[in-house]
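Please study the sequence and the three-dimensional structure shown below.

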Amino acid sequence: MNKVFLQEIQNPKEKEILKLVKAKGSCLYGDIFKQLSISTTEGQQIIFSLLSRGLIKYQYHSSNLELNVELR
């Protein structure tokens with residue numbers, strides 16, 4: 001598993017999402033927006049960015065997201 005250092009992530013919302021997913025183990029897609037008070041549009045863009053960079057992934061073909069890297 002690749003390692004990613006949190007201080008290397010520039011976007012503060014991305015950091016918040018990564019920390020939340022790490023703390024919970026996995027999170028439902030929509031719950032991330034609610035818990036962090038992020039609009040759906042902004043949240044979708046951030047989630048897509050994290051998914052496309054391989055930092056998070058869908059858990060078992062569901063709407064749960066989990067880390068795809070070791071976060072430090």
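The following paragraphs describe this structure step by step.

The structure is a predicted model, in which local features need pLDDT of at least 70, side-chain atom pairs count only at pLDDT 80 or more, and totals for chains, interfaces and linings use all residues. Residues are numbered from 1 along each chain as its sequence is written, and side-chain values use heavy atoms, with hydrogens and water left out.

We begin with two helices. Helices (H or I, at least four residues) and strands (E, at least two) are DSSP runs, numbered from the N terminus. Two packed helices are described by the angle between their axes and the distance between the axes. Here, helix α1 (residues 12-24) and helix α3 (residues 40-52) have axes that come within 10 Å and cross at roughly 75°. The axes are lines fitted to C-alpha atoms, for helices over the stretch in contact, and the angles run from 0 to 180 degrees between N-to-C directions. Angles under 35 degrees count as roughly parallel, over 145 as roughly antiparallel, 65 to 115 as roughly perpendicular and the rest as oblique. Helices α1 and α3 are therefore roughly perpendicular to each other.

Which residues in α1 and α3 meet? On the side of α1 they are Lys13, Glu14, Ile17 and Leu18, and on the side of α3 they are Glu42, Ile46, Ile47, Ser49 and Leu50. The residues of this contact of α1 with α3 comprise five nonpolar, one polar and three charged. In this classification, Ala, Val, Leu, Ile, Met, Phe, Trp, Tyr, Cys and Pro count as nonpolar, Asp, Glu, Lys and Arg as charged, and the others, Gly among them, as polar.

Two members of α1 deserve a separate description. Contact means heavy atoms within 4.5 Å. A residue is called buried under 20% relative accessible area, exposed over 50%, and partly exposed in between (1.4 Å probe, protein chains only). Ile17 lies in helix α1 and, at 0% relative accessibility, counts as buried. Not counting residues up to four places away in sequence, Ile17 touches Ile32, Leu36, Ile38, Ile46, Ile47 and Leu50. Lys13, also found in helix α1, counts as partly exposed at 23% relative accessibility. With residues up to four places away in sequence left out, Lys13 touches Leu36, Ile38, Glu42 and Ile46. Lys13 and Glu42 are 29 residues apart in sequence, and their C-alpha atoms are 9.4 Å apart in space.

The next topic is the nonpolar core. In soluble globular proteins, nonpolar side chains tend to be buried together. A nonpolar core is a set of buried Ala, Val, Leu, Ile, Met, Phe, Trp, Tyr and Cys residues joined through side-chain atoms within 4.5 Å. The largest such core has 21 residues, and those with the most contacts inside it are Ile17, Leu18, Ile32, Ile47, Leu50, Leu55 and Ile56. Two or more residues are given to this core by each of α1, α2, α3 and β4 (64-67), and the largest share, four residues, comes from α1. Ile56 is in contact with Leu18, Ile47, Leu50, Leu51, Leu65, Glu66, Leu67 and Asn68, leaving aside its neighbours within four places in sequence.

How many aromatic pairs does a search of the whole structure find? The search finds one. Rings of Phe, Tyr and Trp (its six-membered ring) pair if their centres lie within 6.5 Å; planes under 30 degrees apart count as stacked, over 60 as edge-to-face and the rest as tilted. Tyr29 and Phe33 form an edge-to-face pair, with 5.2 Å centre to centre and 75° between the planes. Both residues lie in helix α2 (residues 29-36), four residues apart, about one turn of the helix. Phe33 is buried, with a relative accessible area of 8%.

Ser37, in the loop between α2 and α3, has a positive phi of about 50° although it is not a glycine; Ser37 is exposed, with a relative accessible area of 65%. Tyr60, in the loop between β3 and β4, has a positive phi near 55° and is likewise not a glycine. Tyr60 is exposed, at 71% relative accessible area. Gln59 lies in the loop between β3 (56-58) and β4, but counts as buried at 14% relative accessibility. Gln59 touches Ser26, Asn64 and Glu66, not counting residues up to four places away in sequence.
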